[in-house]
Amino acid sequence: WYQRRVRGMNTKGDLIYPVPNVLDLGTLVSADGTFSRYISQTVKKASLLSGWVFSVFRERSPGVMLTLYKALIQPLLEYCCLVWSPTATGEIQGIENVQRCFTRRISGMEGADYWERLCRLNLISLQRRRQRYALIHIWKT
């Protein structure tokens, strides 16, 4: 009886066991309430998808590449970002590196630094987009 009390019980009388990570609405939350593992998995998945885009599509024009980026990669990096928005510098840079590497491989962007590429492509940094989403959410509530 003591073990059940320590672990907890749900309304049906079943035991509830602690788990290291919980997947809820597609986001992975660790037992300590951080999203570090989810962020690293998302960055890895987006990087792989970015590599796939460049291996499959030979066209490197900004119009085609931006369409593919906005349709395939950007939604992956921004899904539920109000919940998991990173605060650690390494996590922010990891997410930003996906966009940095993608824009570097678009034709006509050779030799331009990251911020210049964003201006030319009419994009906003992913960190700024997350901040914008947070402001819009606060405004609406």
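Author: Buried means under 20% relative accessible area, exposed means over 50%, and partly exposed lies in between (1.4 Å probe, protein chains only). This is a predicted model: local features need pLDDT of at least 70, side-chain atom pairs count only at pLDDT 80 or more, and totals for chains, interfaces and linings use all residues. Residues are numbered from 1 along each chain as its sequence is written, and side-chain values use heavy atoms, with hydrogens and water left out.

Reader: Why is W52 called partly exposed?

Author: Its relative accessible area is 42%. W52 sits in helix α2. Helices here are DSSP runs (H or I, at least four residues; strands are E, at least two), numbered from the N terminus.

Reader: Why is T42 called buried?

Author: T42 has a relative accessible area of 6%. Buried means under 20%, so T42 is buried. T42 is also found in helix α2, residues 36–56. Leaving aside neighbours within four places in sequence, T42 is in contact (heavy atoms within 4.5 Å) with L76 and L77.

Reader: What makes E78 and R129 a salt bridge?

Author: The closest N and O atoms of E78 and R129 are 2.4 Å apart. A salt bridge is a side-chain nitrogen of Lys or Arg within 4 Å of a carboxyl oxygen of Asp or Glu, so E78 and R129 form one. E78 lies in helix α3 (residues 62–78) and R129 in helix α7 (residues 126–140), so the pair ties together parts that are 51 residues apart in sequence.

Reader: Are E78 and R129 buried or exposed?

Author: E78 has 13% relative accessibility and counts as buried. R129 has 17% and counts as buried.

Reader: How many salt bridges does the structure hold?

Author: The structure holds 2. E116 and R120 also meet in a salt bridge, at 2.6 Å, N to O. Both lie in helix α6, 4 residues apart, about one turn of the helix. E116 is partly exposed at 36% relative accessibility, and R120 is partly exposed at 45%.

Reader: How do you know that β1 and β2 pair?

Author: Two strands pair if DSSP finds at least two bridges between them. Strand β1 (residues 21–24) and strand β2 (residues 27–30) have 4 bridges, in the antiparallel sense. V22 stands opposite V29 in β2. The strands form a hairpin with 2 residues between them, and L25 in the turn has a positive phi of about 55 degrees.
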